[in-house]
Amino acid sequence: INNKPVLVYGPSVRQWREVATRIYGLYKQEKGLTKGKPTGGWARMMAVIDSGLCTRVDIYGFSAGGGKYFDRRFTVKKDHIIGIEHYSHRLLMATGVKGKVCVYGT
């Protein structure tokens, strides 16, 4: 925007996509799964949290049960293993290792 990079598409998003892909790979190997890939929102959210630019990050729209916060007709594709992502959100919130993270949704 105005010739400046947008935070959520900065260089750390690529790094977090690689990390997310490795996490999915390990999980699939452990569970004997062949399908599953990270959502784009997971890497972007992790990049924002990891940036240290915010003292608090509130996360909306990452709830279970399908649908997106802005339009419930759009559902999460079955090729994502949402349980891994939900676990990481809750772990960040519970431990506080990356600052204050608040997850809204179920």
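**Entry 1: helix H2.** I began with helix H2, residues 40-51, which has twelve residues. I looked up its span: 17 Å from the first C-alpha to the last, close to the 16 Å expected at 1.5 Å a residue. I note here that the model is a predicted one. Next I listed the buried residues of H2 and found Gly41, Trp42, Ala43, Met45, Met46, Ala47, Val48 and Ile49. After the helix comes Gly52, and its phi is positive, near 75 degrees.

**Entry 2: Ser88 and Trp42.** Which side chain does the side chain of Ser88 contact? I found a polar contact with the side chain of Trp42, at 2.8 Å. Trp42 is on my list of buried residues in H2, while Ser88 lies in helix H3, residues 82-95. Is Ser88 buried or exposed? Its relative accessibility is 13%, and the cut-off for buried is under 20%, so Ser88 counts as buried.

**Entry 3: helix H3.** I then went through the rest of H3. This helix has 14 residues and reaches 20 Å from first C-alpha to last, close to the 20 Å expected at 1.5 Å a residue. Besides Ser88, the buried residues of H3 are Ile84, Glu85, His86, His89 and Leu92. Gly96 follows H3 and has a positive phi, near 70 degrees.

I also checked Arg90, which has its place in H3. Arg90 has a relative accessible area of 30% and is therefore partly exposed.

**Entry 4: the strands.** I turned to strand E1, residues 56-59, and asked which side chains point to which face. Val57 and Ile59 point to one face and are buried.

How do E1 and E2 pair? They pair in the parallel sense, over four bridges, with E2 covering residues 100-103. Opposite Val57 I found Val101 of E2.

**Entry 5: the core.** I looked up the largest nonpolar core and counted 19 residues in the record of it. Those with the most contacts inside this core are Trp16, Trp42, Met45, Met46, Ile49, Ile59 and Val101. Helix H1 (11-31), H2, E1, H3 and E2 each supply at least two of its residues. H2 gives the largest share, seven residues. As a general matter, nonpolar side chains in soluble globular proteins tend to be buried together.

**Entry 6: a loop residue.** I picked Lys78, in the loop between E1 and H3. Lys78 has a relative accessible area of 85%, so I noted it as exposed. Between Lys78 and Gly36 the C-alpha distance is 7.9 Å, although 42 residues separate them in sequence.

**Entry 7: the whole protein.** Last, I wrote down the overall figures. The protein has three helices and two strands, and their pattern along the sequence is α-α-β-α-β. Of the 106 residues in the protein, 31% are buried. I took contacts between residues at least 6 apart in sequence and found that 62% of them join residues at least 24 apart. The accessible surface comes to about 7,500 Å², and carbon and sulfur atoms account for 57% of it.

Methods: Residues numbered from 1 in each chain as written. Predicted model: local features only at pLDDT ≥ 70, side-chain atom pairs only at ≥ 80, totals over all residues. Heavy atoms only, no water. Expected span 1.5 Å × (residues − 1). Buried < 20%, exposed > 50% of the residue type's maximum accessible area, 1.4 Å probe, protein only. Polar contact = N/O pair within 3.5 Å; in protein donor to acceptor, adjacent residues only side chain to side chain. Pairing = 2+ DSSP bridges. Contact = heavy atoms within 4.5 Å. Areas by Shrake-Rupley, 256 points an atom, 1.4 Å probe, with all protein chains shown as cover. Core = buried A, V, L, I, M, F, W, Y, C linked by side-chain atoms within 4.5 Å.
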